[in-house]
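Come along, and I will jot down what I looked up.

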Amino acid sequence: MLDLALERNPAALMLSFGDFKPFLHQIRGAQTKLIVQVQTLEQAREAVDAGVDAIVAQGAEAGGHGGTRATLPFVPAVVDIAQGIAVIAAGGIADGRGLAAALALDASGVLCGTAFFASNESLASEHAKQAALSGSGDDTERSSVFDVARGLNWPSDWNLRTMRNTFTRRWSGDIVGLRENLAEEQTRFKAASESGNMDVAAVIVGEAVDLIRSREPAQATLHRMISQAEHRLRRVGQLVEPITKD
């Protein structure tokens, strides 16, 4: 897969959820910038020591696979050890307020997934998009249910945040039972995914799903996020009185 990606001469490539170092030489040889996503400070230190081009500090609020650290305290902790390497905040950021907050934490930018889940360009199914638009961060959870259902042998350090549904309520507390009934449940899960039954199929979004309430082009979401962040940063600046010398 890495060979296929590098054949297309990408300007940058991001790796996550595993040891990136075996791929470092090949990526640098292709003159491609390397972005590494981390979920712990130990992983961040490894990325700093390797001299990667940017680090994504991913908080547990993110949709999809992730770790256990919360975005708000994790991002500045990574910035403090980054030695000037750009740090990108991820997890729970879906509008300009989140972007402004990340910049206030000294992040160089943000990485958003849930913000664009229901966009016109998103490859998510129409049923999944609709479920996200009516969903709440209160109704998300982290578990290994859908990894098992999809036959993916993911390490337990990185489970999956999705919308809670009948399938997760049945199996998230009984992974052993799910494995014992795997053939039947995989068939049910596959059929639900194909038919758009989101009470069984996975809707892979993060806690910021509360902030997604309309279908629109990704460009519109991006422009609104930037405009809102600029407004918020100016407003915050007005709360601080300039220091004057006596």
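**Ground rules.** I call a residue buried at under 20% relative accessible area, exposed at over 50%, and partly exposed in between (1.4 Å probe, protein chains only). This is a predicted model, where local features need pLDDT of at least 70 and side-chain atom pairs count only at pLDDT 80 or more, while totals for chains, interfaces and linings use all residues. Residues are numbered from 1 along each chain as its sequence is written, and side-chain values use heavy atoms, with hydrogens and water left out.

**Entry 1: salt bridges.** I looked for a side-chain nitrogen of Lys or Arg within 4 Å of a carboxyl oxygen of Asp or Glu. That rule gave me 12 salt bridges.

I began with Asp147, which pairs with Arg150 at 3.1 Å between the closest N and O atoms. Asp147 is buried, at 2% relative accessibility, whereas Arg150 is partly exposed at 33%. I also noted a network in which shared partners join Asp19, Lys21 and Glu46.

Which residues does Glu126 bridge to? One is Lys129, with the closest N and O atoms 3.9 Å apart. For helices I took DSSP runs of H or I with at least four residues, and for strands runs of E with at least two, numbered from the N terminus. The other partner of Glu126 is Arg215, at 2.8 Å from N to O. This pair links distant parts of the chain, as Arg215 sits in the loop between helix 10 and helix 11, 89 residues from Glu126. Glu126 is partly exposed at 49% and Arg215 is partly exposed at 36%, but Lys129 is buried at 1%.

**Entry 2: the sheet.** I counted two strands as paired if DSSP finds at least two bridges between them. I found an open sheet of three strands, in the order 4-8-7, with antiparallel pairing. Strand 4 (64–66) and strand 7 (140–143) are the edges, each pairing on one side only.

Strand 8 (residues 159–163) meets strand 4 over three bridges, and four bridges join strand 8 to strand 7. I followed Arg161 of strand 8: Gly64 stands opposite Arg161, and Arg142 has Arg161 as its bridge partner too. Is strand 8 enclosed or open? Four of its five residues are buried, so strand 8 is largely enclosed by the rest of the structure.

**Entry 3: aromatic rings.** I paired rings of Phe, Tyr and Trp (its six-membered ring) if their centres lie within 6.5 Å; planes under 30 degrees apart are stacked, over 60 edge-to-face, and the rest tilted. The whole structure holds five such pairs.

Phe17 and Trp154 make an edge-to-face pair, 5.2 Å centre to centre with 80 degrees between the planes. They lie 137 residues apart, Phe17 in the loop between strand 1 (12–15) and helix 2 (21–29), and Trp154 in the loop between helix 7 (145–149) and strand 8. Phe17 is partly exposed at 23%, and Trp154 is partly exposed at 29%. I then looked at Phe167 and Phe189, whose centres are 6.0 Å apart with planes at 40 degrees, so this pair is tilted. Phe167 belongs to helix 8 (residues 166–171) and Phe189 to helix 10 (residues 182–195), 22 residues apart. Both are buried. Lastly, I wrote down one aromatic cluster of Phe17, Trp154 and Trp158.
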